[in-house]
Amino acid sequence: MKKYLMNRSVRKALLLFAAGVLLTFLTAFREYRSDTLREGYILREEAGGEPFEAEARAKTDSSSHTLLIPVAPRLLSEEEADALLAAAEEDLNSFLFSERDPDRITAPLPLPETLENGLVGIVWTSDRPDLLRWDGSLGEQIPETGAPVTLTAELSVQGRIRTAVYSLSVYPEQFTGEKRFEKEVLDAVRRSEDRTEDRVFLPDTVEGKAVRWSRPFSGTPVLILLLCTACAVLSVFAAKSRETEAQKKKEEAMMLDYPSVTGKLVLLLHAGLSARSAIGKIALDYGKTLESSAKIRPGYEEFVTMYRDMNRGVTEIEAYRGLARRTALPSYRTLSALLAQNLTKGSRTLLEVLDKEAGNAWEERRKRARINGEQASLKLLFPMMIMLGIVLVIMIVPAFMTLY
């Protein structure tokens, strides 16, 4: 089943790669078909677009040249420019006065500097800049009864100019709500400000109401708390992940050791040793091997643990059951059950069962080795696909270059 799934994954990966190669061919062919250079011209950007440099290849019978040709955007004709200016003036009138009364301007005017997607530039002038500035803001010396102001907009495109003149009546700016409160505070600060002092004093009252000042909450403490909490949670998950990974590696190593320890156990039982003596022999031999190689083998460590438990006074059957409690691997649980059953009920077929268990363990190890080999070959598939892609590019690119 696993081999089938792996073959299916390989087929899927190859299918995706083939689709990528086909898409590459189709894209290159489309670019080839849509190449206007083959017809002897280059398409400009529309009016208002950005200039660019087009890369072109010129081939003669004896040479080939690659050039960068500057291409400017298209210019408007005089008729197009005049029509665009007229449309811009209509849009400007609608933008400024669709919701405002030119005879009563009480708020700053949003005066745009360009229209028609940046094609039309606008220069603003005012005959009373002390009352209405060029950026549309209102002055501070406007009388309560209002004052007339002439605002002029000079619209231009490609050197052609159109002038729009607006007669307005401006009144002092009306502040409400938050803006009025802000203006009262700023006016009070300006009135009491002394630049020779090392501090700026804020008003105690605004609009007849007492004011208490404080710095706005920055949110930094909350951010630090959230970051620390996130780090703590992530550290817990990371520790759990490391623990799970370590347990997985330990179980894999135990499964690799299982055929060896069961084989040695069967061999010693055939030699006439009791199960306890056989376990002790395996543990002591492993201890001697560990002194020289220093390589820890989890499967043998379980036998060392059983041997130490029995030497500390733990009953033999409890030592065997402890093996099942310490691991969730079915193989070791089966071995624990066989040893405990042999001790409590006796079993004339123990050696036969253990022989079969050892054979099954070696067969399982061979299967696992074969699966690991197939997984390793699957991991090599992606680098091989990259190499195949490089080879295809090396072969295809020169072929397409000759078409140009």
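**View 1. Strands β1 and β2 form an antiparallel pair.** In this predicted model, strand β1 (residues 52-59) is joined to strand β2 (residues 64-71) by eight bridges; two strands pair if DSSP finds at least two bridges between them. Strands (E, at least two residues) and helices (H or I, at least four) are DSSP runs, numbered from the N terminus. A hairpin of four residues links β1 to β2, and A54 has I69 in β2 as its bridge partner.

**View 2. Four strands make an open sheet.** The order is β3-β4-β5-β6, with antiparallel pairing. At the edges, β3 (114-115) and β6 (160-170) each pair on one side only. Between β4 (residues 120-126) and β5 (residues 147-157) there are six bridges, and W124 stands opposite A153 in β5.

**View 3. A nonpolar surface patch includes I390.** F382, I386, I390 and I394 make this patch of about 420 Å². Areas come from the Shrake-Rupley method with a 1.4 Å probe, and for residues only the protein chains shown count as cover. I390 lies in helix α10 (residues 381-403).

Residues are numbered from 1 along each chain as its sequence is written, and side-chain values use heavy atoms, leaving out hydrogens and water. Local features need pLDDT of at least 70, side-chain atom pairs count only at pLDDT 80 or more, and totals for chains, interfaces and linings use all residues.

Methods:
Patch = residues over 30% accessible without salt bridge, like charges linked within 9 Å, V, L, I, M, F, W, Y side chains within 5 Å. Salt bridge = Lys/Arg side-chain N within 4 Å of Asp/Glu carboxyl O.
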